[in-house]
Number of protein chains: 2
Amino acid sequence: MKAYREMDREELLALEKELTGQYEEAKQKGLKLDMSRGKPAPAQLDMTMPMMDIFNSSFDMTDEAGVDVRNYGCLEGIIGARRLLGEMLGVDPQHVIVFGTASLNVMYDTVSRSVTHGVMGSTPWCRLDKVKFLCPAPGYDRHFSITEHFGIEMITIPMHEDGPDMDLVEEYVKDPAVKGIWCVPMYTNPLGITYSGEVCRRMANLSPAAEDFRIYWDNAYCVHHLYEDRQDTLPEMLSLCREAGKEDMVLEFASTSKISFAGAGISCIAASLGNLKWVKDSMTYQIISHDKINQLRHVLYFKDLDGIKAHMRKHADILRPKFELVLETLERELGGLGIGTWTKPLGGYFISFNSMDGCAKAIVAKCKEAGVTLTGAGATYPYGKDPHDSNIRIAPSYPNLEELKITAELFVLCVKLVSVEKLLETAKM
Amino acid sequence: MKAYREMDREELLALEKELTGQYEEAKQKGLKLDMSRGKPAPAQLDMTMPMMDIFNSSFDMTDEAGVDVRNYGCLEGIIGARRLLGEMLGVDPQHVIVFGTASLNVMYDTVSRSVTHGVMGSTPWCRLDKVKFLCPAPGYDRHFSITEHFGIEMITIPMHEDGPDMDLVEEYVKDPAVKGIWCVPMYTNPLGITYSGEVCRRMANLSPAAEDFRIYWDNAYCVHHLYEDRQDTLPEMLSLCREAGKEDMVLEFASTSKISFAGAGISCIAASLGNLKWVKDSMTYQIISHDKINQLRHVLYFKDLDGIKAHMRKHADILRPKFELVLETLERELGGLGIGTWTKPLGGYFISFNSMDGCAKAIVAKCKEAGVTLTGAGATYPYGKDPHDSNIRIAPSYPNLEELKITAELFVLCVKLVSVEKLLETAKM
């Protein structure tokens, strides 16, 4: 294939005409597909349905520690759930508190608690003139939304192939107003890359000016591999920080949202005992206990990490063909054209696509016009502002293969068309 | 029986000796009973166990609106759950958002949101020098703990037989720093009384100086009657406020914690569309959706208000004998002695006992010493400070009848002993 940039004006005009024709045809199909979020497909949710058989009306609802899971109490979650999620994260159960359905809620509450009450005795952020967070980007839009909602200034940190630009991170944490960094360290949203051991070690050895600086380590995809033979690995961060003498610096979050049920899983925080005490100091006023019936349901269904791993292999069997279909389409249709690059993740929920500068918004709009909703262009950056207007998050999990084929083909068509238009426009100027 | 106050010193000394002997005997029994919280008994939780049969692995997990309850989405809760809890409160489903397991969490989050973001566009409370809440007392300790945790100044409002002292409430809301009032309007915690229609009407017609003043209407015991033929009634507060042209002034909270499972129910807020928009504005950042599987489980199990009422009659059958046993013991042992008064509620979870002034702490301590834990004396007042050291909350729900008999007898013994000691001490001075 000839790279678009090497085409002369006439070639581009001819191509534009051809692509416009194809696009008009695609629009006629009246598509209505949503690829905006990393939503599990119904087939994935079906897999977990045997969990609905765990309990029945004559079941003894007492856990191994003698806790009646139906009643009040047990603020930290039942021991079985703390052990299960601890094992998943490689952390001792005593360092784990288990919550309700959403780790997002736990992260929001943690930021909120820092704003109203401060972190482990430090000044509440609401009394400070300025609070800043470091935001490796492209990253998870809902992280950025939380900090934006609380009026926290966000500083974009570029992502490299091995994680955030640590030179910059080390520099920025010298500012006492910098109170945290958002990280999805494994199969990161949306790049799909995993932080290298070196990046993790540098992260654990940060020397922030703020004593209440925390690494928000959102390990959302810690067991979400696509392949058996090729898997990323990640060091356990709480231990790394402990070794560095900075055990209080990291707050780790995880959930079973993309393991059991997206809307009805269990979530957790893993952290030092000091941090957990701080969390519990507020939780005591907030809730008597989270849903321990659902916690026990998860414990009895998965049993242990091996149970989770076996379950995740079935998820991979559903997700892998979808990732491969998208990657094959991108390679076949865009390879060599010089109008886009993309990541090839070994796990997680996303493929990250970079168009030519200034094209992402137009591509997403064109897809939308033809009936396919993608994540909003820019969403992967703080304040929704991608400085290059280039990054698009592709979420292949929800549609079935047939829908995904149509979607992927529409996507590459839109990329081509917008790129041609961009080149023609640029040439004019 | 002769009232203690009419006894002379010798009679009191003889009585003290006799009671001390009985108390020492009771201590030998090595009791270990907890009556500190309004916890449902295992027998009550057993009643709801058929709810565990609702789903199985081949169940179609789609609700009436076509929502896959297993997946992300549906921030406000599924329509069936909004309708069910709306019906329970007498409120249209569009005015209801359904949350996770605990209404306490919803109330905490509402206060927290007001602190960080303000109420419907008003100044965030964290930017104000002073924020105050009105606290009808005796009241629910966990309410007072939330406001105390956020550094909100609490003003005690005396409770009468028909609800809070409305003259005082009307006076205090003229202060723009007064931002809210905690109410448990029906079978109130701990008095067991229900606000009269007149009190509710005056409440709905308040003219607070603060535009962001809200009535926290915690309708925790709205269907928790003990008797079929004698039941308190409560006007629907959202309509009352609407009629008064003050629809935004009330936030109503409820849950199924004491209907289905204390630790695994569903909860809600009911309010004006303006308030709900404000709540959702923050929720959008906090969570993608609460546990809709558990919501659907509740909908399919209870079906409608009649289903809930039928279920609550079974609760009453378990709770009524417990209330009656305690009331009979109080009447038999303390009637006519002039050393205590108590409420005789028609519903809810508590009996409120008032000792002679200055005796409550000593009574609770004496019970504790003999192995029975009661709610801490003073807990029913802001800052845990009962000005008369007189109120004790009795929570008869959790122990079985046999345990309750022992507990009630120990309690009256401690009341007698402490009262005699108090009278002797007072006489000396």
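How many residues of chain A are in contact with chain B, and how many of chain B with chain A?

1. This is a predicted model. In it, 57 residues of chain A are in contact with 57 residues of chain B.

2. The two chains bury about 4700 Å² between them. Carbon and sulfur atoms account for 57% of that area. On the chain A side, A:R70, A:Y72 and A:Y285 supply 17% of the area buried against chain B, more than any other three residues.

3. Now the polar side of the interface. Between chain A and chain B, 21 residue pairs are in polar contact, counting pairs with both residues at pLDDT 80 or more. The rule also finds two salt bridges across this interface. A:D46 forms a salt bridge with B:R70, and the closest N and O atoms are 2.7 Å apart.

4. Which elements give two or more residues to the side of chain A that touches chain B? They are α2 (42–47), α4 (103–117), α5 (141–149), α9 (273–286) and α10 (292–302) of chain A. The largest share, eight residues, comes from α4(A). By type, the residues on this side divide into 26 nonpolar, 19 polar and 12 charged.

5. Chain B holds an open sheet of eight strands with mixed pairing. The order is β2-β9-β8-β7-β6-β3-β4-β5. Its edge strands, β2 (96–98) and β5 (163–164) of chain B, each pair on one side only.

6. B:V96 has B:A270 in β9(B) as its bridge partner. Helix α4 (residues 103–117) of chain B packs on the sheet, touching β6, β7, β8 and β9 of chain B. Its direction makes about 150 degrees with that of β8(B).

Notes: Residues are numbered from 1 along each chain as its sequence is written. Chains are lettered from A and ligands numbered from 1 in the order in which they are written. This is a predicted model: local features need pLDDT of at least 70, side-chain atom pairs count only at pLDDT 80 or more; totals for chains, interfaces and linings use all residues. Side-chain values use heavy atoms; hydrogens and water are left out. Contact means heavy atoms within 4.5 Å. Buried area is the accessible area (1.4 Å probe) that two parts lose on being put together, summed over both. A salt bridge is a side-chain nitrogen of Lys or Arg within 4 Å of a carboxyl oxygen of Asp or Glu. A polar contact is a pair of N or O atoms within 3.5 Å; within protein, one must be able to donate a hydrogen and the other to accept it, and residues adjacent in sequence count only if both atoms are side-chain atoms. Helices (H or I, at least four residues) and strands (E, at least two) are DSSP runs, numbered from the N terminus. Ala, Val, Leu, Ile, Met, Phe, Trp, Tyr, Cys and Pro count as nonpolar, Asp, Glu, Lys and Arg as charged, and the others, Gly among them, as polar. Two strands pair if DSSP finds at least two bridges between them. Axes are lines fitted to C-alpha atoms, for helices over the stretch in contact, and angles run from 0 to 180 degrees between N-to-C directions.
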